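Good morning. Please have a look at the next slide, and then I will go through a few details.

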Amino acid sequence: MRGTPARARRWATAALSVLALTAVAACGGGNDGSGGGSGSADKADLTWSFWVAGTEDQAAWQKVADQANTDHPGITVKLQGTTWDNYWAKVGTLLASGKAPCIMGMQSLRLASYANALLPLDDLIKKYGLKTEDFDKPIMDGLKADGKQIAIPYDSGPMVIFYNRDLFKAAGVAEPKPGWTMDEFTAAAKKLTSAGKTGFVTSPGDLGVTSWVRTQTGAEPLADGKLALTDPKFEEGFTTYADFVKTDKIAPQVPSGNPDFETQQFTSGKAAMQLNGPWSLIDVKGKVKFNLGIAPIPAGPDGSKTYTAGSGFGISRSCKTPDAAFQAIMSMTSEKPLTTLAVAGRAYPARTAAHPAWFTAVKVEGAKETIDYASENSVPLVTSKNWVQVADLLNRFGTQALNGEIPPDQALKTIQDQAGAGS
């Protein structure tokens with residue numbers, strides 16, 4: 001996942017990119033063999049397209065690329081970095097052009113929209129002996145499409161609760177632990193809501209909404225690959241989530257057009273709890289002036305349930321040297337570079353051998369207990385091909401539902417009607 005607070009909520013430009021990919025692919029584009037790579041399996045100059053935050057970020061990720069040359073002296077990887085928003089605005093058109101770089105960054109929530117333009121990796125995994133069991137299973141599954149592995153992950157993580165330990169202490173509220181219940185969460189949030197502060201902060205982001213619905217009612221956003229947002233159980237869970245703002249008044253109203261609002265409320269000390277992922281923990285810790293805690297999402301009637309998401313690297317179908325690209329990806333996702341990313345706070349590593357380095361770097365009490373527990377109660381959020389549109393519509397109409405401007409069930413019906421069933 002992207003290591004910034006807005007990592008998964010800016011979808012509008014990406015929707016145009018998906019439409020471009022679909023249109024060009026329908027005209028026969030995307031596989032003319034003129035893509036970004038040259039050479040052979042053991043000697044190749046490869047380009048890697050990825051989202052990069054700035055000069056410092058570029059240098060850090062180039063070190064990941066350089067691991068390929070260290071392991072394979074004939075293979076070089078040049079990072080072609082751009083901003084998060086710009087990457088997703090153009091990736092569909094780039095993949096459909098038949099001239100995409102060999103190595104492409106891919107986020108699990110967006111995978112279904114772009115999988116047809118990426119090379120399935122199963123044969124290469126077998127050929128080069130990549131041990132898939134060395135990676136967290138939920139994100140390996142999350143980077144599959146139609147049962148085929150499309151990308152190899154570098155980071156992952158289940159959605160969890162970040163909380164302000166100082167506010168909990170001042171209010172005399174017991175800190176949450178694995179196994180805490182929804183009733184305990186609601187009671188704590190109500191007690192923490194006072195003096196201009198709220199116990200919780202919500203957002204209409206897809207990963208947070210679906211995680212909360214899943215723990216509340218067990219409902220999934222898809223059924224047999226089709227959108228199921230109007231399923232009564234999904235509506236029930238989303239209504240409960242919306243009630244935190246409208247009825248329970250334990251969360252503030254959500255302004256439109258500010259994708260960072262949720263994290264801003266939490267890091268400023270105005271909200272005592274926030275849904276987030278471990279990929280953001282080190283970044284958030286560096287911004288707050290209070291003691292930071294982490295806990296699993298509270299348990300609903302059938303226990304604590306959440307979703308895992310993450311990102312990785314795939315190979316464009318237009319790549320001339322897929323063997324070289326895959327060997328590069330194996331190096332880029334090996335233990336050494338993922339450990340470096342973990343220590344730098346740029347990723348909660350998908351490779352289990354790199355986990356200890358992340359826990360040592362994060363220095364948050366209970367982090368390992370929480371992440372281990374949440375991971376055991378997590379599944380990947382598998383999305384539909386129209387999920388970019390779904391997430392964009394959820395941001396728009398979900399905000400209105402959270403603020404009590406339209407009924408939650410009406411918001412979900414509008415989203416499903418406008419996005420279509422998906423597949």
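Predicted model: local features only at pLDDT ≥ 70, side-chain atom pairs only at ≥ 80, totals over all residues.

Residues are numbered from 1 along each chain as its sequence is written, and side-chain values use heavy atoms, with hydrogens and water left out.

Helices here are DSSP runs of H or I with at least four residues, numbered from the N terminus. Take helix 17, residues 387–402, and helix 18, residues 408–419: their axes come within 9 Å and cross at roughly 160°. Axes are lines fitted to C-alpha atoms over the stretch in contact, and angles run from 0 to 180 degrees between N-to-C directions. Helix 17 is therefore roughly antiparallel to helix 18, a term for angles over 145 degrees.

Which residues make the contact? From helix 17 they are V390, L393, L394, F397 and A401, and from helix 18 P408, A411, T414, I415, Q418 and A419. Contact means heavy atoms within 4.5 Å. These residues divide into 9 nonpolar, 2 polar and no charged. Nonpolar covers Ala, Val, Leu, Ile, Met, Phe, Trp, Tyr, Cys and Pro; charged covers Asp, Glu, Lys and Arg; the others, Gly among them, are polar.

Now the salt bridges. How many does the structure hold? There are 12, each defined as a side-chain nitrogen of Lys or Arg within 4 Å of a carboxyl oxygen of Asp or Glu.

One of them pairs D57 with R346, with the closest N and O atoms 2.7 Å apart. D57 lies in helix 2 (residues 55–71) and R346 in the loop between helix 14 (335–344) and helix 15 (355–362), so this pair ties together parts that are 289 residues apart in sequence. Is D57 buried or exposed? D57 is buried, at 13% relative accessibility, while R346 is partly exposed at 21%. Buried means under 20% relative accessible area, exposed over 50%, and partly exposed in between, with a 1.4 Å probe and protein chains only.

Another bridge joins D372 and K368, at 2.6 Å between the closest N and O atoms. Both residues sit in helix 16 (residues 367–376), 4 residues apart, about one turn of the helix. D372 is partly exposed at 29% relative accessibility, and K368 is partly exposed at 48%.

Back in helix 18, K413 and D417 are also 4 residues apart, about one turn, and their side chains meet in a salt bridge of 2.7 Å, N to O.

Key:
Helix = DSSP H or I, 4+ residues; strand = E, 2+ residues; numbered from the N terminus. Parallel < 35°, antiparallel > 145°, perpendicular 65-115°, else oblique.
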